[in-house]
Amino acid sequence: MNKKDFIFISIVLAAVVSAALFLRFPKNPDTVSVYVDGELFGEYSLSLDTEISVNGTNTVKIENGEAYMFSSTCPDKLCIHQGKIGKTGKSIICLPNRVSVETKNSVHDEVSR
Amino acid sequence: MNSKKIARVGIISALAVVIGYIESFFPPIIPVAGFKLGLSNIAVMYAFYKLGKREAFLVMLVKVLITSLWFQGLNALIFSLFGGVFSLLAMVMTDKMELSKIGVGMAGGVFHNVGQILAAAIVLGTTSAFYYVLVLIPSGLLTGALVSFTTSILIKYTKNV
């Protein structure tokens with residue numbers, strides 16, 4: 001390892017920190033948006049417990065102010081293991097089925113597309 | 001490229017595919033989408049230093065094509081390709097900037113993940129994939145360091161391919 005390595009590492013870490021500061025994290029998310037293939041599939045309030053069948057391949061459940069992937073036809077099931085989003089966590093993505101679930105605040109946030 | 005070099009690239013490419021296949025049986029250490037140690041890059045880096053940049057590129061290409069087309073799906077191809085290309089470009093540039101093997105490996109790891117996040121953003125049509133940089137870039141540094149450390153030991157203790 002030489003000095004240039006450390007310069008590189010510092011630049012990378014500095015970039016990560018500034019990205020973290022620069023990215024607005026949704027404040028007080030109250031809604032969840034579901035996208036399939038980049039197109040908005042639907043938006044659902046986090047305060048209403050419900051079960052959403054997405055595109056016939058995934059099921060999203062909203063319970064106690066949080067949303068999570070309940071079931072999916074994908075082979076790796078990574079989306080199910082991504083846990084719950086709501087106040088904590090911002091998105092759940094199922095890459096094979098091209099489904100993404102994101103939190104937002106209905107008043108503040110324009111989820112950038 | 002003469003036949004000797006072709007044979008060497010072939011052997012290393014085959015090793016890359018096999019390493020990747022074995023790695024697919026490991027459980028993911030961090031439960032984030034697509035997290036892998038990227039051990040097949042040991043083969044790519046070995047070719048990078050022992051055979052040359054072009055040869056390393058070929059190893060990467062063969063590994064990406066065979067693994068994604070044979071073992072996975074078309075979706076995987078885009079992610080693998082973006083990851084591999086970004087990673088190699090970063091390695092070429094940092095090598096030119098005279099970083100050590102470890103530094104080059106870390107750059108490879110980081111930019112591999114950057115490429116994949118970019119691919120995810122394109123495929124999903126959303127920028128929410130960028131949130132993953134907070135996890136994937138530091139882990140890119142770590143896995144890159146691991147891969148390059150292993151490669152440097154390999155280079156030191158093996159004779160020619």
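What share of the 113 residues in chain A is buried? Keep that in mind for a second, everyone, while I say hello and thanks for coming. The answer is 39%. One caution before we go on: what you see on the screen is a predicted model.

Let's stay with chain A. Its secondary structure comes to two helices and eight strands.

Strand S1, residues 31-36 of chain A, runs antiparallel to S2(A), and six bridges join the two.

Now for the inside. In soluble globular proteins, nonpolar side chains tend to be buried together. In our model, the largest nonpolar core has 46 residues. Those with the most contacts inside this core are A:Phe8, B:Ile12, B:Val59, B:Leu88 and B:Leu141. Which elements give two or more residues to this core? From chain A there is helix H1 (3-22), and from chain B there are helices H1 (3-23), H2 (41-50), H3 (53-71), H4, H5 (101-124) and H6 (133-157). H5(B) gives the most, with 10 residues.

Leaving aside neighbours within four places in sequence, A:Phe8 is in contact with B:Thr94, B:Leu99, B:Gly103, B:Met106, B:Ala107, B:Phe111 and B:Leu141. There is also a second, separate core of 17 residues, which includes A:Val36, A:Ile52, A:Met69 and A:Cys74.

My last topic is rings. How many aromatic pairs does the structure hold over all chains? It holds five. Take B:Trp70 and B:Phe71: their ring centres are 5.9 Å apart and their planes meet at 10°, so this pair is stacked. To count as stacked, planes have to be under 30 degrees apart. Are these two residues buried or exposed? B:Trp70 counts as exposed because its relative accessibility is 65%, while B:Phe71, at 42%, is partly exposed.

B:Phe82 and B:Phe86 make another stacked pair, 6.1 Å centre to centre with 15° between the planes. Both lie in helix H4 of chain B, residues 74-96, and they are four residues apart, about one turn of the helix. B:Phe82 is partly exposed at 27%, and B:Phe86 is partly exposed as well, at 26%.

Going back to B:Trp70 and B:Phe71, ring pairs link these two with B:Tyr21 and B:Phe25 into a cluster. Finally, look for two lysines that sit over rings in chain B. B:Lys53 lies over the face of B:Phe48, at 4.9 Å from the ring centre. The charged end of B:Lys101 sits over the ring of B:Tyr49, 5.1 Å from its centre.

That's my tour, and I'm happy to take questions!

Notes
Residues numbered from 1 in each chain as written. Chains lettered and ligands numbered in written order. Predicted model: local features only at pLDDT ≥ 70, side-chain atom pairs only at ≥ 80, totals over all residues. Heavy atoms only, no water. Pairing = 2+ DSSP bridges. Phe/Tyr/Trp six-rings, centres within 6.5 Å; stacked < 30°, edge-to-face > 60°. Buried < 20%, exposed > 50% of the residue type's maximum accessible area, 1.4 Å probe, protein only. Lys NZ or Arg CZ within 6 Å of the ring centre and 35° of its normal. Core = buried A, V, L, I, M, F, W, Y, C linked by side-chain atoms within 4.5 Å. Contact = heavy atoms within 4.5 Å.
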